[in-house]
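Please look at the sequence and structure first.

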2 protein chains.
Amino acid sequence: MNFELISEHGSFGGVQRFYRHASQQIGLPMRFALYVPPGGAKGLLVFLAGLTCTEETFTMKAGAQRRAAELGLALLMPDTSPRGEAVSALPGATESWDFGIGAGFYLDATQAPWDRHFRMDSYLMKELIPQVQAELGLDAARTGISGHSMGGHGALTLALRNPGAFVSLSAIAPIAAPSRCPWGVKAFTGYLGADRDAWPAHDASALMAAQPRVPYPGGILVDQGLADKFLVEQLYPEALESACATIGQDLFLRRHDGYDHGYYFIASVIDDHLIHHARQMGLQGR
Amino acid sequence: MNFELISEHGSFGGVQRFYRHASQQIGLPMRFALYVPPGGAKGLLVFLAGLTCTEETFTMKAGAQRRAAELGLALLMPDTSPRGEAVSALPGATESWDFGIGAGFYLDATQAPWDRHFRMDSYLMKELIPQVQAELGLDAARTGISGHSMGGHGALTLALRNPGAFVSLSAIAPIAAPSRCPWGVKAFTGYLGADRDAWPAHDASALMAAQPRVPYPGGILVDQGLADKFLVEQLYPEALESACATIGQDLFLRRHDGYDHGYYFIASVIDDHLIHHARQMGLQGR
């Protein structure tokens, strides 16, 4: 392990730590946050944050540590993109909040100049998650993934692209069909190119419809606020719902009156997500 | 009421709102946050934040809404000082993080130029809290006060300076004896003047020792982390402990290994504070 501890904070009997490490996949230093519950981790939940966020956003705002401590879940919060001078110097990297820095979309870019450092898929799947699993002594049967908005897209696509890598899957207000929404079209055009043939492999609803078998027999939990101003134009939960129905995947899609796209919503439902993952890991019998 | 709604967010079945209003006491626009639990407020907890914070800090980071919703507690989060051009133009208002903007210390300044707008005591006690109580239909028997660090100082001093204004009192890592710590000496010298005769009236430990009777018969809850880097130089919980012992005031002072001065600590203990206040209000029998 080559994690440099930046800070640590007592939290609900466990410890919230922030780390920096030299990522080989990204080719730059990366930061992440890791919560370790009291008594050590019995399971690991990876939570991917949304546009403009960092490793600190969910860590600080979601209030997830309380229930994670009770359930024995470690929480891994990666950053949302490469950062630093080598990245911010790229034309277009800092001009908008929905592309470039803070908007890595959890994929490996194939288009220059993004293909050099924007390799969040390989970073997470080949480097960070395996290293943290090794550190905690946990395997895929004790690892789940979730995320919010762009991070919900990331959780769904990484889980569907990597069968067996996670035992449990959920999302909060995910970008569920990026090929058809402005955020997704902008990101995919920039990172993957204008040729749409490359897009379905990174589109949760397209990936789901193409699954050869039910990928998550225990069901997938998705929460969506109905006062979310991005719902109609950007999120398309109904596309995921339709794709799940096509292949027989159980989807617990809960629509909530009066909740928006922000962290007050995430905090209000995060306990249910932690319980969902813990159950799939066999940590809670009920 | 003259509250302008800035934003509102669904939160644990209730609503987290942010407001702006023209404060007569401050002479400037002020912001605050108000959480209203599902089913309406049965009690009100005022929470005062620490140095550099705004009305959003505790609101977003403490995770208090979950238990507040269960207990039927509304939460009022004021800002920590006046803001705006009229304030930032004052010499010394923005040079340091422990004086001026973000550092109002919840008192009425008597020294020019601060005495014009830095009137947080009168703002809270004569304007904001009464107006919010009226809005919610609650009186002092259903109103408690708490705070963190500088806000813990504010909660303790406002509660002790205003007998009968609150039914319950608690604090997290409060500045408990400001007359003898660098933060307090700097603030009191600037806002109240170098003549120390004016200081005890705004020093929690001095106020406590001078109380003619036990002010909070139900006890006062104070939590303090032992990994708090400000503990030795700035906070002096032992001074409050000694003053409480002098007058026979029950103080539940809990010292916690491994916790620092930040919001991961606050989040870890906030539920106990909410329960403490709810009990004093008669909202929870146990």
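The second largest cavity is lined by A:Lys61, A:Tyr263, A:Tyr264, A:Ala267, B:Phe12, B:Thr59, B:Met60, B:Gly63 and B:Gln65. A cavity is a set of points, on a 1 Å grid over the protein atoms alone, where a 1.4 Å probe fits but cannot get out, and lining residues have an atom within 4 Å of a point. Two or more residues of this lining come from each of α10 of chain A and α1 of chain B. The largest share, 3 residues, is that of α10(A). Helices here are DSSP runs (H or I, at least four residues) and strands likewise (E, at least two), numbered from the N terminus.

The model is predicted: local features need pLDDT of at least 70 and side-chain atom pairs pLDDT 80 or more, while totals for chains, interfaces and linings use all residues. Residues are numbered from 1 along each chain as its sequence is written, chains are lettered from A in the order in which they are written, and side-chain values use heavy atoms, without hydrogens and water.

The count is 2 cavities of 30 Å³ or more. A volume is the space filled by probe spheres set on the points, which are joined across faces, edges and corners.

The largest cavity has 23 lining residues, with A:Phe12, A:Ala62, A:Gly63, B:Ala62 and B:Gly63 nearest its centre. α10(B) gives the most to this lining, 5 residues.

How are the chains related? Chain A superposes on chain B by a rotation of 180 degrees with 0.0 Å of shift along its axis (RMSD 0.0 Å). The two copies are therefore related as by a two-fold rotation axis.

Helix α4 of chain A (residues 120-136) bends by about 30 degrees at A:Leu128, and a proline, A:Pro130, follows within four residues. The bend is the angle between axes fitted to the seven residues ending at a residue and the seven starting there. After α4(A) comes A:Gly137, with a positive phi near 70 degrees.

Terms used. 1 Å grid on protein atoms, 1.4 Å probe; cavity = no way out; pocket = protein on both sides within 12 Å on 5 of 7 lines; lining within 4 Å. Least-squares fit on C-alpha atoms with pLDDT ≥ 70 in both.
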